[in-house]
Structure formats: structure tokens, C-alpha cells
Amino acid sequence: MSEEKGKEMTIEIPMEEGEPLGATPNDKMIVTKVQAGTVSEGKLKIGDQILRVNDTVIKDTHHFFALLRFAPPCARLAIFRDEKKAEELASRVHIPADRERNITRRDGFSYELVKMTWKAGGPKLGLGIKHFQNRVLVSKTDPASISAECLKIGDHIVDINGQPVTDKDVARGILVKGLQGTISIDRSQAHGEVTMVIERPETMEAKHWTSRALTVQAVQPPSVQMNSDVRDIAQKERARLAAKVGKNTSQELKSILGGQKKAAAVAIDDRQFGHVIASDNEGKNLRAVKK
């Protein structure tokens, strides 16, 4: 590694048994988040690549956190720090407050603000997206495309230019409109730019969830469709009612999912009925009143 681009250094972090490090690395062991108030604050920086823990070479994130359990009372971390790349990454993970409101943060994911720029005659968009549970997920990035420069398969596109997106068709429309951008008289000078807040899986659990979401065959668009657990409960309740009524009965089971009832016929009866319930003058003769 060139000294001009960065340098390797060792950082000592005193920590007690069971104390969290407070820094989140991605699958390449590059720190993407440093939590304030933890032992990592002031020691590690966003963009640092962690190489070894107490002279043991790190294999992956699971191995790293396993090594940390045996690190106290002091974790000696060998890191590679590139100040320029660190500044670039820090600018991406810093999300403005108005865009932060669009995020529902989840454990195991990192969040970045990425920029996509298109120029006439340049690389193609090369992006494939699908939606799953009201999330727009990146399903394909073609090699040497502008999508491949800033997105990865499995990324969740939270918003585009500050507008939250939960449907792939809506997301595609906003993306294309933004990238068309400025159309000049000279079409060779046409260009456009969009920014996107993305949610990227970092832990094995998050990557497993994302992989499962991408392989679902029948992806439902955002709707008011009931969740799977509600449908399971409804199916079990219907089976219970079927067992109670019996197989040989002609009684029709009504859906508990709120099916429409057959409208009852309406008839008007104009007969009049009267029935005396009680009287306050029983056994007494009424006196005539003056008119």
C-alpha cells in the first residue's frame, strides 16, 4: 500500500470485558459508523480499515467480534487509514436532517447518501430494481454502468432527491426524470444528476434478509394486503370452524376475511298493531273537562 494514499498504524483502545466497541465495520472491515460516547470515539474514524486485533489477522466481521471478546483490558487494532477516502466516506454517511426523516434505521445496515451522474455519450444506467414489502431493492447493476459506480445488489433505495420511494415504477420515473436533467441545444452536452439515500446490508443477518427478499418469486406491490401472519390466523380459524360444523352439513361457512354478505330482501308491512301495557286510571271513572 502506497504511503501517499494512506498509512498503517496501531491504535490502542482500553476496554472492559463485555464493553461494546461502538464502531461498525462493513464486510471489507472498513468502519462505516462510530457511535458517540463509546470507547471508539476519538480513536477510530469512518473509513479506517481494521486489519488485525492484538496481532491476529482478521478473517471477516464474525471473526473480528469474536477476537474482541478476548481483547480486554486493551484492544490493539492495526488499521489502515486513508484520509482522503475517509473524508469521502464521511461525507456519504453524513445524511442531512431533512433526508434522515425518511429513514427507519435497522440494526445490521449502514446508510449512505450517494450521487449518480449521467452524461450524454457516457456509460448507461444499467440498473435493475424490484420492490419487496414497500422497499425498492437493487436487483441488478450492469458492469461499467453508472449504477455500478455507486450502488450494490441488495441496496434499498430509501429516497431519490429527497422523495421517499416504495414502488419500483415510481422510483424509476423519478430516477429517469432526474437523470435527464438539463437538455441543451447540443444534445451531446445533456447531463443530469440525482442523489439517493440507500440502506445497505452489512451483517450476515442483514445480507440473508436481503438475499431472501431478492429471490422471492411473486413480489407484491405496495398495497393493503394482509400480512402473512394475519392470513395464517384467518386460515386456522376457518379450519376450526369447518371442524366444528362438520363435513356432512349443508351449512355454508362464511369467510372470516370480511366477504360481502348477501343483501336481504326488504318488505314493508303497513298493518297497525296496538297493545295496552298499563294505564294510570285503572278502576277510576274519568271526569269530563270543560272545553
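I looked up the largest nonpolar core first: of its 19 residues, Leu21, Leu44, Ile50, Phe64, Leu68 and Leu77 touch the most other members. A nonpolar core here is a set of buried Ala, Val, Leu, Ile, Met, Phe, Trp, Tyr and Cys residues joined through side-chain atoms within 4.5 Å; buried means under 20% relative accessible area, exposed over 50%, partly exposed in between (1.4 Å probe, protein chains only). Two or more residues come from each of strand S1 (7–14), strand S4 (49–53), helix H1 (61–69) and strand S6 (74–81). I then noted a second, separate core of 18 residues, Met116, Val165, Ala171 and Leu175 among them.

The model is predicted: local features need pLDDT of at least 70, side-chain atom pairs count only at pLDDT 80 or more, and totals for chains, interfaces and linings use all residues. Residues are numbered from 1 along each chain as its sequence is written, and side-chain values use heavy atoms, with hydrogens and water left out.

I checked Leu68 next: leaving aside residues up to four places away in sequence, Leu68 touches Met15, Leu21, Val53 and Ala75 (contact: heavy atoms within 4.5 Å).

Val53 stands opposite Thr56 in S5.

Lastly, I searched the whole structure for disulfides and found zero (a disulfide is a pair of cysteine sulfur atoms within 2.5 Å). Cys74 is partly exposed, at 27% relative accessibility, whereas Cys150 is buried at 13%.

Definitions and conventions:
Helix = DSSP H or I, 4+ residues; strand = E, 2+ residues; numbered from the N terminus. Pairing = 2+ DSSP bridges.
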